[in-house]
Amino acid sequence: MSEQNTYEPPKVWKWDSESGGHFASINRPIAGHTHEKELPVGDHPMQLYSLGTPNGVKVTIMLEELLALGHTEAEYNAWLINIGEGDQFSSGFVEINPNSKIPALNDTSTNPPTRVFESGAILLYLAEKFGAFLPSDPAMRPEMLSWLFWQMGSAPYLGGGFGHFYAYAPEKYEYPINRFAMEVKRQLDVLDRHLADSKYMCGDEYTIADIAIWPWYGSLALGKAYEAGEFLDVQSYKNMQRWTAMIGERAAVKRGRMVNRAMGPLHEQLRERHDASDFEHKTQDKIEAEKPSES
Ligand SMILES: N[C@@H](CCC(=O)N[C@@H](CS)C(=O)NCC(=O)O)C(=O)O
(Lines give C-alpha, C1' and ligand atoms only; values in the text may rest on other atoms or scores of the structure.)
Protein backbone atom coordinates (compact mmCIF):
# COMPACT_ATOMS: atom_id res chain seq x y z
CA MET A 1 0.00 0.00 0.00
CA SER A 2 1.45 3.34 -1.02
CA GLU A 3 -0.78 6.06 0.56
CA GLN A 4 0.12 7.93 3.73
CA ASN A 5 -2.84 8.37 6.08
CA THR A 6 -3.12 12.11 6.60
CA TYR A 7 -6.84 12.33 7.41
CA GLU A 8 -8.05 12.44 10.99
CA PRO A 9 -11.91 12.24 11.09
CA PRO A 10 -13.48 14.95 13.27
CA LYS A 11 -15.72 13.93 16.23
CA VAL A 12 -18.88 14.86 14.30
CA TRP A 13 -18.95 14.87 10.50
CA LYS A 14 -20.12 18.14 8.95
CA TRP A 15 -21.12 18.99 5.39
CA ASP A 16 -18.82 21.92 4.81
CA SER A 17 -16.98 21.11 1.61
CA GLU A 18 -17.38 19.18 -1.62
CA SER A 19 -15.53 15.90 -1.51
CA GLY A 20 -14.21 16.29 -5.06
CA GLY A 21 -14.61 13.73 -7.83
CA HIS A 22 -17.04 13.30 -10.66
CA PHE A 23 -20.39 13.52 -8.84
CA ALA A 24 -19.41 15.86 -6.02
CA SER A 25 -21.73 18.67 -7.08
CA ILE A 26 -24.91 16.55 -6.80
CA ASN A 27 -24.08 14.71 -3.58
CA ARG A 28 -25.90 15.93 -0.48
CA PRO A 29 -26.24 14.44 3.00
CA ILE A 30 -29.96 15.27 3.21
CA ALA A 31 -33.10 14.00 1.47
CA GLY A 32 -36.08 15.91 0.15
CA HIS A 33 -36.59 18.26 -2.76
CA THR A 34 -34.50 21.32 -3.58
CA HIS A 35 -36.93 23.01 -5.95
CA GLU A 36 -40.60 22.99 -6.94
CA LYS A 37 -41.26 21.39 -10.33
CA GLU A 38 -43.98 19.08 -11.60
CA LEU A 39 -43.03 16.05 -13.67
CA PRO A 40 -44.26 15.91 -17.27
CA VAL A 41 -46.94 13.30 -18.03
CA GLY A 42 -47.58 11.71 -21.44
CA ASP A 43 -50.40 9.67 -22.97
CA HIS A 44 -49.20 6.15 -22.21
CA PRO A 45 -50.03 4.00 -19.16
CA MET A 46 -46.42 3.88 -17.93
CA GLN A 47 -44.56 7.08 -17.11
CA LEU A 48 -40.86 6.44 -16.67
CA TYR A 49 -38.50 9.08 -15.26
CA SER A 50 -34.99 7.89 -15.84
CA LEU A 51 -31.56 8.08 -17.44
CA GLY A 52 -29.69 5.49 -19.50
CA THR A 53 -27.41 4.27 -16.72
CA PRO A 54 -27.34 0.52 -15.90
CA ASN A 55 -30.13 0.95 -13.33
CA GLY A 56 -32.23 2.89 -15.82
CA VAL A 57 -31.54 0.45 -18.67
CA LYS A 58 -32.93 -2.47 -16.67
CA VAL A 59 -36.38 -0.88 -16.85
CA THR A 60 -36.28 0.26 -20.48
CA ILE A 61 -35.18 -3.25 -21.55
CA MET A 62 -38.07 -4.71 -19.52
CA LEU A 63 -40.63 -2.36 -21.07
CA GLU A 64 -39.32 -3.05 -24.59
CA GLU A 65 -39.41 -6.80 -23.91
CA LEU A 66 -43.02 -6.55 -22.68
CA LEU A 67 -44.04 -4.57 -25.76
CA ALA A 68 -42.28 -7.13 -27.98
CA LEU A 69 -44.45 -9.84 -26.35
CA GLY A 70 -47.55 -7.82 -27.27
CA HIS A 71 -48.38 -6.27 -23.89
CA THR A 72 -49.76 -2.96 -25.16
CA GLU A 73 -50.53 -1.84 -21.59
CA ALA A 74 -46.75 -1.57 -21.14
CA GLU A 75 -46.61 1.38 -23.58
CA TYR A 76 -44.55 4.08 -21.99
CA ASN A 77 -43.29 7.62 -22.06
CA ALA A 78 -39.65 7.77 -21.01
CA TRP A 79 -38.69 11.21 -19.69
CA LEU A 80 -35.08 12.22 -19.24
CA ILE A 81 -33.93 12.97 -15.71
CA ASN A 82 -30.60 14.74 -15.88
CA ILE A 83 -29.00 13.74 -12.56
CA GLY A 84 -25.97 15.98 -13.21
CA GLU A 85 -28.35 18.97 -13.27
CA GLY A 86 -30.22 17.86 -10.12
CA ASP A 87 -33.54 16.90 -11.79
CA GLN A 88 -33.88 14.07 -9.24
CA PHE A 89 -34.33 16.70 -6.50
CA SER A 90 -37.47 18.32 -7.99
CA SER A 91 -40.65 18.17 -5.90
CA GLY A 92 -42.37 16.08 -8.61
CA PHE A 93 -39.59 13.51 -8.75
CA VAL A 94 -39.34 13.19 -4.98
CA GLU A 95 -43.09 12.47 -4.88
CA ILE A 96 -42.47 9.43 -7.12
CA ASN A 97 -39.18 8.47 -5.46
CA PRO A 98 -38.37 9.85 -1.99
CA ASN A 99 -34.86 8.44 -2.49
CA SER A 100 -34.14 10.88 -5.39
CA LYS A 101 -32.57 8.34 -7.72
CA ILE A 102 -33.46 7.12 -11.17
CA PRO A 103 -35.28 5.01 -12.29
CA ALA A 104 -38.79 5.86 -11.04
CA LEU A 105 -42.04 4.63 -12.58
CA ASN A 106 -45.60 5.87 -12.30
CA ASP A 107 -48.23 3.41 -13.54
CA THR A 108 -51.18 5.63 -14.49
CA SER A 109 -53.34 2.68 -15.57
CA THR A 110 -54.30 2.07 -11.93
CA ASN A 111 -56.58 4.32 -9.92
CA PRO A 112 -54.92 5.97 -8.11
CA PRO A 113 -51.64 5.74 -10.05
CA THR A 114 -49.01 3.43 -8.62
CA ARG A 115 -45.54 4.80 -8.01
CA VAL A 116 -42.63 2.34 -7.94
CA PHE A 117 -38.99 3.12 -7.23
CA GLU A 118 -35.86 0.95 -6.98
CA SER A 119 -35.06 -0.79 -10.26
CA GLY A 120 -35.46 -4.30 -8.77
CA ALA A 121 -38.91 -3.43 -7.41
CA ILE A 122 -39.91 -1.96 -10.80
CA LEU A 123 -38.84 -5.16 -12.61
CA LEU A 124 -40.77 -7.33 -10.17
CA TYR A 125 -43.83 -5.06 -10.32
CA LEU A 126 -43.93 -5.20 -14.13
CA ALA A 127 -43.20 -8.93 -14.28
CA GLU A 128 -46.06 -9.67 -11.88
CA LYS A 129 -48.44 -7.20 -13.50
CA PHE A 130 -47.97 -8.76 -16.95
CA GLY A 131 -47.13 -12.33 -15.88
CA ALA A 132 -43.94 -12.26 -17.94
CA PHE A 133 -40.21 -12.94 -17.52
CA LEU A 134 -40.86 -14.94 -14.37
CA PRO A 135 -39.91 -18.64 -14.28
CA SER A 136 -42.79 -20.81 -15.47
CA ASP A 137 -41.92 -23.43 -12.82
CA PRO A 138 -42.91 -21.96 -9.41
CA ALA A 139 -40.08 -23.96 -7.84
CA MET A 140 -37.63 -21.72 -9.75
CA ARG A 141 -39.10 -18.51 -8.31
CA PRO A 142 -36.81 -18.46 -5.25
CA GLU A 143 -33.82 -18.94 -7.57
CA MET A 144 -34.97 -15.98 -9.69
CA LEU A 145 -35.54 -13.82 -6.60
CA SER A 146 -32.14 -14.80 -5.22
CA TRP A 147 -30.33 -13.60 -8.36
CA LEU A 148 -32.45 -10.47 -8.58
CA PHE A 149 -31.61 -9.52 -5.00
CA TRP A 150 -27.99 -10.62 -5.54
CA GLN A 151 -27.75 -8.02 -8.27
CA MET A 152 -29.32 -5.27 -6.16
CA GLY A 153 -26.93 -6.00 -3.29
CA SER A 154 -23.81 -6.54 -5.41
CA ALA A 155 -23.86 -3.72 -7.97
CA PRO A 156 -23.15 -0.96 -5.42
CA TYR A 157 -19.72 -2.61 -4.89
CA LEU A 158 -19.20 -2.48 -8.63
CA GLY A 159 -20.53 1.05 -9.25
CA GLY A 160 -20.20 2.89 -5.96
CA GLY A 161 -17.07 1.01 -4.94
CA PHE A 162 -14.89 -0.10 -7.86
CA GLY A 163 -16.23 2.28 -10.52
CA HIS A 164 -16.07 5.27 -8.22
CA PHE A 165 -12.47 4.74 -7.14
CA TYR A 166 -11.16 3.42 -10.48
CA ALA A 167 -12.80 6.04 -12.71
CA TYR A 168 -14.34 8.95 -10.81
CA ALA A 169 -12.44 9.74 -7.60
CA PRO A 170 -10.20 12.83 -7.81
CA GLU A 171 -7.07 10.67 -7.38
CA LYS A 172 -6.18 6.99 -7.82
CA TYR A 173 -5.96 5.46 -4.34
CA GLU A 174 -4.44 1.98 -4.20
CA TYR A 175 -6.28 0.71 -1.12
CA PRO A 176 -9.91 1.11 -2.31
CA ILE A 177 -9.08 0.14 -5.91
CA ASN A 178 -7.53 -3.11 -4.67
CA ARG A 179 -10.35 -3.79 -2.27
CA PHE A 180 -13.12 -3.28 -4.82
CA ALA A 181 -11.27 -4.91 -7.76
CA MET A 182 -10.96 -8.01 -5.58
CA GLU A 183 -14.70 -7.97 -4.83
CA VAL A 184 -15.76 -7.28 -8.43
CA LYS A 185 -13.58 -10.11 -9.75
CA ARG A 186 -15.13 -12.38 -7.14
CA GLN A 187 -18.60 -11.35 -8.34
CA LEU A 188 -17.63 -12.01 -11.97
CA ASP A 189 -16.42 -15.46 -10.91
CA VAL A 190 -19.73 -16.11 -9.11
CA LEU A 191 -21.60 -15.36 -12.33
CA ASP A 192 -19.13 -17.21 -14.53
CA ARG A 193 -19.33 -20.42 -12.48
CA HIS A 194 -23.13 -20.27 -12.35
CA LEU A 195 -23.39 -19.70 -16.10
CA ALA A 196 -21.15 -22.71 -16.81
CA ASP A 197 -24.16 -24.98 -16.19
CA SER A 198 -27.03 -22.63 -16.90
CA LYS A 199 -28.04 -21.01 -20.19
CA TYR A 200 -29.64 -18.02 -18.44
CA MET A 201 -29.50 -17.04 -14.77
CA CYS A 202 -32.46 -19.34 -14.06
CA GLY A 203 -31.92 -22.36 -16.30
CA ASP A 204 -33.34 -22.26 -19.81
CA GLU A 205 -35.64 -19.30 -19.27
CA TYR A 206 -34.84 -15.63 -19.73
CA THR A 207 -36.18 -13.81 -16.65
CA ILE A 208 -35.96 -10.48 -14.86
CA ALA A 209 -32.81 -11.82 -13.15
CA ASP A 210 -31.05 -11.63 -16.54
CA ILE A 211 -32.63 -8.24 -17.23
CA ALA A 212 -31.31 -6.91 -13.90
CA ILE A 213 -27.80 -8.34 -14.19
CA TRP A 214 -26.98 -7.70 -17.87
CA PRO A 215 -26.85 -3.86 -17.87
CA TRP A 216 -24.24 -3.92 -15.08
CA TYR A 217 -22.20 -7.08 -15.50
CA GLY A 218 -22.74 -7.51 -19.24
CA SER A 219 -21.45 -4.01 -19.80
CA LEU A 220 -18.46 -4.81 -17.57
CA ALA A 221 -17.83 -8.05 -19.50
CA LEU A 222 -17.85 -6.08 -22.76
CA GLY A 223 -15.20 -3.75 -21.31
CA LYS A 224 -17.63 -0.81 -21.59
CA ALA A 225 -17.93 -0.01 -17.88
CA TYR A 226 -15.26 2.33 -16.47
CA GLU A 227 -12.88 1.30 -19.30
CA ALA A 228 -11.82 -1.48 -16.95
CA GLY A 229 -11.98 -4.48 -19.31
CA GLU A 230 -8.24 -5.06 -19.45
CA PHE A 231 -7.66 -4.19 -15.80
CA LEU A 232 -10.20 -6.80 -14.65
CA ASP A 233 -9.30 -9.27 -17.42
CA VAL A 234 -12.96 -9.63 -18.32
CA GLN A 235 -12.22 -11.82 -21.37
CA SER A 236 -11.18 -14.65 -19.05
CA TYR A 237 -14.78 -15.10 -17.83
CA LYS A 238 -15.83 -17.24 -20.79
CA ASN A 239 -19.34 -18.21 -19.64
CA MET A 240 -20.09 -14.57 -18.83
CA GLN A 241 -18.91 -13.65 -22.32
CA ARG A 242 -21.28 -16.19 -23.89
CA TRP A 243 -24.27 -15.02 -21.81
CA THR A 244 -23.46 -11.33 -22.40
CA ALA A 245 -23.31 -11.76 -26.18
CA MET A 246 -26.50 -13.86 -26.26
CA ILE A 247 -28.56 -11.29 -24.37
CA GLY A 248 -27.03 -8.37 -26.26
CA GLU A 249 -28.43 -9.88 -29.49
CA ARG A 250 -32.05 -9.47 -28.38
CA ALA A 251 -33.86 -6.73 -30.32
CA ALA A 252 -35.62 -5.42 -27.19
CA VAL A 253 -32.27 -5.20 -25.38
CA LYS A 254 -30.78 -3.23 -28.28
CA ARG A 255 -33.73 -0.81 -28.14
CA GLY A 256 -33.88 -0.64 -24.34
CA ARG A 257 -30.26 0.40 -24.00
CA MET A 258 -30.84 3.40 -26.28
CA VAL A 259 -33.68 4.91 -24.25
CA ASN A 260 -32.86 7.88 -22.01
CA ARG A 261 -29.25 7.53 -23.08
CA ALA A 262 -27.45 10.86 -23.03
CA MET A 263 -23.89 9.80 -23.76
CA GLY A 264 -21.95 7.85 -26.38
CA PRO A 265 -22.58 7.78 -30.14
CA LEU A 266 -25.48 10.07 -31.13
CA HIS A 267 -27.27 7.39 -33.20
CA GLU A 268 -27.51 5.23 -30.04
CA GLN A 269 -29.12 7.99 -27.98
CA LEU A 270 -32.90 8.19 -27.78
CA ARG A 271 -33.02 10.72 -24.98
CA GLU A 272 -36.81 10.59 -24.63
CA ARG A 273 -39.12 7.91 -25.96
CA HIS A 274 -42.79 8.62 -26.48
CA ASP A 275 -43.59 6.29 -29.36
CA ALA A 276 -42.17 3.09 -30.87
CA SER A 277 -41.36 5.06 -34.05
CA ASP A 278 -39.01 7.32 -32.08
CA PHE A 279 -36.23 4.71 -32.53
CA GLU A 280 -36.48 5.44 -36.23
CA HIS A 281 -36.87 9.21 -36.20
CA LYS A 282 -35.84 10.76 -32.87
CA THR A 283 -32.32 9.53 -32.18
CA GLN A 284 -29.94 12.33 -31.31
CA ASP A 285 -28.04 12.17 -34.63
CA LYS A 286 -31.32 12.92 -36.46
CA ILE A 287 -32.36 15.64 -34.02
CA GLU A 288 -28.97 17.36 -34.37
CA ALA A 289 -29.11 17.07 -38.18
CA GLU A 290 -32.51 18.83 -38.21
CA LYS A 291 -31.30 21.77 -36.13
CA PRO A 292 -30.89 24.93 -38.20
CA SER A 293 -27.20 25.75 -38.71
CA GLU A 294 -25.95 28.74 -36.75
CA SER A 295 -24.51 30.76 -39.66
N1 LIG B 1 -30.83 1.00 -5.81
C2 LIG B 1 -31.25 1.98 -6.77
C3 LIG B 1 -30.06 2.76 -7.22
C4 LIG B 1 -30.43 3.86 -8.17
C5 LIG B 1 -29.26 4.79 -8.44
O6 LIG B 1 -28.21 4.72 -7.79
N7 LIG B 1 -29.45 5.70 -9.40
C8 LIG B 1 -28.41 6.67 -9.73
C9 LIG B 1 -28.06 6.59 -11.21
S10 LIG B 1 -27.59 4.97 -11.68
C11 LIG B 1 -28.92 8.08 -9.44
O12 LIG B 1 -30.06 8.39 -9.70
N13 LIG B 1 -28.06 8.94 -8.89
C14 LIG B 1 -28.40 10.30 -8.63
C15 LIG B 1 -27.99 10.73 -7.25
O16 LIG B 1 -27.36 9.92 -6.54
O17 LIG B 1 -28.29 11.89 -6.90
C18 LIG B 1 -31.95 1.29 -7.95
O19 LIG B 1 -31.52 0.19 -8.31
O20 LIG B 1 -32.92 1.84 -8.49
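The legends below describe several close-up views of one predicted protein model.

Residues are numbered from 1 along each chain as its sequence is written. Because the model is predicted, local features need pLDDT of at least 70 and side-chain atom pairs count only at pLDDT 80 or more, while totals for chains, interfaces and linings use all residues.

**View 1. The whole chain and its order of elements.** The protein has 10 helices and 4 strands, where helices (H or I, at least four residues) and strands (E, at least two) are DSSP runs numbered from the N terminus. Read from the N terminus on, the elements follow the order β-α-β-α-β-β-α-α-α-α-α-α-α-α. The radius of gyration is 20 Å, close to the 19 Å that the globule rule gives for 295 residues, so the protein is as compact as a globular protein of that length; this radius is taken over C-alpha atoms, and the rule is 2.2 Å times the number of residues to the power 0.38. Along its principal axes the C-alpha trace spans about 60 × 55 × 45 Å. Of the 295 residues, 36% count as buried, a residue being buried if 20 or more other C-beta atoms lie within 10 Å of its own, exposed if 12 or fewer, and partly exposed in between, with C-beta atoms placed from the backbone. Among contacts between residues at least 6 apart in sequence, 66% join residues at least 24 apart, two residues being in contact if their C-beta atoms, placed from the backbone, lie within 7 Å.

**View 2. The shell around the ligand.** The residues around the ligand are Ile26, Thr53, Asn55, Ile83, Gln88, Ser100, Lys101, Ile102, Pro103, Glu118 and Ser119, a residue being near a molecule if its C-beta atom, placed from the backbone, lies within 6 Å of it. This shell divides into 4 nonpolar, 5 polar and 2 charged residues; here Ala, Val, Leu, Ile, Met, Phe, Trp, Tyr, Cys and Pro count as nonpolar, Asp, Glu, Lys and Arg as charged, and the others, Gly among them, as polar. Ile102 and Pro103 of the shell are joined by a cis peptide bond with omega of about 0°, and Pro103 is found in the loop between helix H2 (91-96) and S3.

View 3. The 15 residues of helix H1 (residues 54-68) should span 21 Å at 1.5 Å a residue, and its end C-alpha atoms are 21 Å apart, which agrees; the expected span is 1.5 Å times one less than the number of residues. Since 13 of its 15 residues are buried, H1 is largely enclosed by the rest of the structure, and it is followed by glycine 70, whose phi is positive, near 100°. Helix H3 (residues 119-130) has 12 residues and reaches 17 Å from its first C-alpha to its last, close to the 16 Å expected. Its buried residues are Ser119, Ile122, Leu123, Leu124, Leu126 and Ala127, and they pack against H1, strand S3 (104-107), strand S4 (114-117), H4 and H6. Just after H3, glycine 131 takes a positive phi of about 60°.

**View 4. The largest nonpolar core.** Of the 64 residues in this core, Met62, Leu123, Ile208, Ala209 and Tyr217 touch the most other members. Helix H6 (residues 208-221) gives the most to the core, with 10 residues. A nonpolar core is a set of buried Ala, Val, Leu, Ile, Met, Phe, Trp, Tyr and Cys residues joined through C-beta atoms within 7 Å. Leaving aside its neighbours within four places in sequence, leucine 123 is in contact with Lys58, Met62, Leu148, Ile208, Ile211 and Ala212.

**View 5. Loops with backbone features.** The peptide bond from asparagine 111 to proline 112 is cis, with omega near 0°, and proline 112 is found in the loop between S3 and S4. Aspartate 233, in the loop between H6 and helix H7 (238-248), has a positive phi of about 50° although it is not a glycine, and with 11 C-beta neighbours inside 10 Å it counts as exposed. Asparagine 260, in the loop between helix H8 (251-256) and helix H9 (278-281), likewise has a positive phi, of about 65°, although it is not a glycine, but asparagine 260 is buried, with 28 other C-beta atoms within 10 Å.

**View 6. Two exposed positions.** Glutamate 171 lies in the loop between helix H4 (141-168) and helix H5 (174-196) and is exposed, with 8 other C-beta atoms within 10 Å. Tryptophan 15, in the segment before strand S1 (46-50), is exposed, with 10 other C-beta atoms within 10 Å.
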